[in-house]
Amino acid sequence: MWRLVTLILSGSWAENTTKNFHVDVNMSADNSCSDILVPLRNLCNAIKCIRDRVKDGESSECNAEFNMATFWNTLLQAVKATSQEATKLSLAFSKPPLPSSQDAERLADSIQKAVLALSTVYYWLPKTQGVILRRAVRDATADVLDGMAQLLDIILSSPVQSLSQEQLMSTGGVWASCDHFEQLPRDNRAAVLGVLSSYQGVVKDAIEEMEQAQAESQDPFGDLLDDEDLDARGNRDTYWSEADRRLMAPCQGLMKASAACLKKLSTAIKNNGKADTPDNIAQLDDLADITHDISPSVDDLALSLYPPMDHTAVELNASKLATVLKKVLEIIKATHVCVEADLTWVQFLDGAVEHNLQKARRAAEGSN
């Protein structure tokens with residue numbers, strides 16, 4: 001990608017592209033640098049304000065029926081226009097002399113219209129179409145605005161010099177942020193599936209790291225002592241005692257139940273999830289919100305399992321994870337994604353969570 005950026009901004013293509021974008025970059029030796037940069041500085045401040053409002057602002061509630069297809073078509077057009085404005089800006093300041101003050105003013109005005117259009121279209125998306133979907137579009141929009149502000153900051157810091165690597169990278173960053181819109185989920189069902197996939201990745205990593213740590217760790221004196229002697233020696237900072245390992249087994253069972261819960265839920269949403277009514281959309285948001293607590297709870301439990309192990313802390317973290325999982329399973333049963341065939345795995349996982357929790361409690365009590 002960076003090779004393409006270099007070709008576009010420093011090659012012979014630049015002059016023709018500038019004309020195609022209808023930007024007059026006739027240079028004027030009479031302009032002072034400070035006069036030319038004033039509109040860019042004002043523009044940079046304006047974009048940062050727009051970005052902050054996008055990050056913190058609420059959607060505009062509209063009584064008219066919302067058309068998702070129209071929204072996405074308009075949004076992608078606004079993103080494309082913003083990407084083109086970033087190219088025009090970088091071209092205009094890719095080599096001396098600087099644009100005239102009038103050209104700089106027109107360029108700043110054109111860029112501001114593009115970013116205002118982008119942020120305005122984002123605000124069209126109401127919360128009733130899904131909080132998770134809106135969050136994804138919000139973050140993508142803010143990334144584009146961040147990139148534009150960064151590009152302006154770079155140009156303002158060295159406007160007369162030859163095209164820098166920093167400016168090349170920043171221009172490419174805006175393009176990448178704009179290109180990301182093509183990969184965004186198009187409805188709340190897809191948005192929630194994307195979130196669950198990220199949670200699954202975190203939980204899977206925690207399970208694999210713990211299994212690897214167990215495989216690599218062993219008591220350096222384990223081959224010299226029998227089981228009774230090992231227990232008598234108690235815990236050590238660099239290995240797990242037998243009592244530790246007895247407690248670890250059900251805790252790992254809870255972690256695996258977490259992974260299974262996320263995987264089964266994702267399948268249920270793929271098969272049965274709908275984003276066709278406000279109630280169904282809100283249920284998908286609820287599922288994303290409640291499952292958000294799974295991965296940090298798994299992480300907390302996993303971290304407490306490393307030696308030296310505090311059995312009381314491990315039991316507490318196991319109880320917290322079990323509580324989260326039971327709440328998730330209860331909410332799953334109350335949503336439209338859980339059809340009759342799904343009740344089997346929901347009930348099975350609920351039983352597995354309770355079974356491992358009780359085993360963890362008995363192991364922790366037995367070690368005290």
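The legends below describe close-up views of one predicted model. Residues are numbered from 1 along each chain as its sequence is written.

**View 1. The whole chain.**
The chain has 14 helices and zero strands. Helices (H or I, at least four residues) and strands (E, at least two) are DSSP runs, numbered from the N terminus. Of the 368 residues, 45% count as buried; buried means under 20% relative accessible area, exposed over 50%, and partly exposed in between (1.4 Å probe, protein chains only). Among contacts with a separation of 6 or more, 83% join residues 24 or more positions apart. Contact means heavy atoms within 4.5 Å.

**View 2. Helix 6 against helix 7.**
The axes of helix 6 and helix 7 (residues 165–179) come within 9 Å and cross at roughly 165°. Axes are lines fitted to C-alpha atoms, for helices over the stretch in contact, and angles run from 0 to 180 degrees between N-to-C directions. Helix 6 and helix 7 are therefore roughly antiparallel; angles under 35 degrees count as roughly parallel, over 145 as roughly antiparallel, 65 to 115 as roughly perpendicular and the rest as oblique. The crossing of helix 6 and helix 7 is left-handed, a term used if the near helix is turned anticlockwise from the far one by less than a right angle, with right-handed used if clockwise. Residues of helix 6 in this contact include Asp143, Val144, Met148 and Leu151, and those of helix 7 include Glu166, Gln167, Val174 and Cys178. The residues of the contact of helix 6 with helix 7 divide into seven nonpolar, six polar and two charged. Here Ala, Val, Leu, Ile, Met, Phe, Trp, Tyr, Cys and Pro count as nonpolar, Asp, Glu, Lys and Arg as charged, and the others, Gly among them, as polar.

**View 3. Helix 11 and its cover.**
Helix 11 has 14 residues (278–291), which at 1.5 Å a residue should span 20 Å, and its end C-alpha atoms are 20 Å apart, which agrees. The expected span is 1.5 Å times one less than the number of residues. Buried residues of helix 11 include Asn280, Ile281, Leu284, Leu287 and Thr291. Their cover includes helix 6 (131–157), helix 8 (188–216) and helix 13 (311–333).

**View 4. Helix 10 against helix 11.**
Helix 10 and helix 11 pack at an angle of about 170°, with their axes 12 Å apart. The two are therefore roughly antiparallel to each other. Leu262, Leu265 and Ile269 in helix 10 meet Leu284, Leu287 and Thr291 in helix 11. This contact of helix 10 with helix 11 has five nonpolar residues, one polar and no charged.

Ser119 is in helix 5 (residues 101–124) and counts as buried, at 4% relative accessibility. Leaving aside neighbours within four places in sequence, Ser119 is in contact with Ile50 and Val54. Val202, in helix 8, counts as partly exposed at 31% relative accessibility. Not counting residues up to four places away in sequence, Val202 touches Ser295 and Asp299.

**View 5. A cis peptide bond.**
The peptide bond from Pro307 to Pro308 is cis, with omega near 0°. Pro308 lies in the loop between helix 12 and helix 13.

Methods. This is a predicted model: local features need pLDDT of at least 70, side-chain atom pairs count only at pLDDT 80 or more; totals for chains, interfaces and linings use all residues. Side-chain values use heavy atoms; hydrogens and water are left out.
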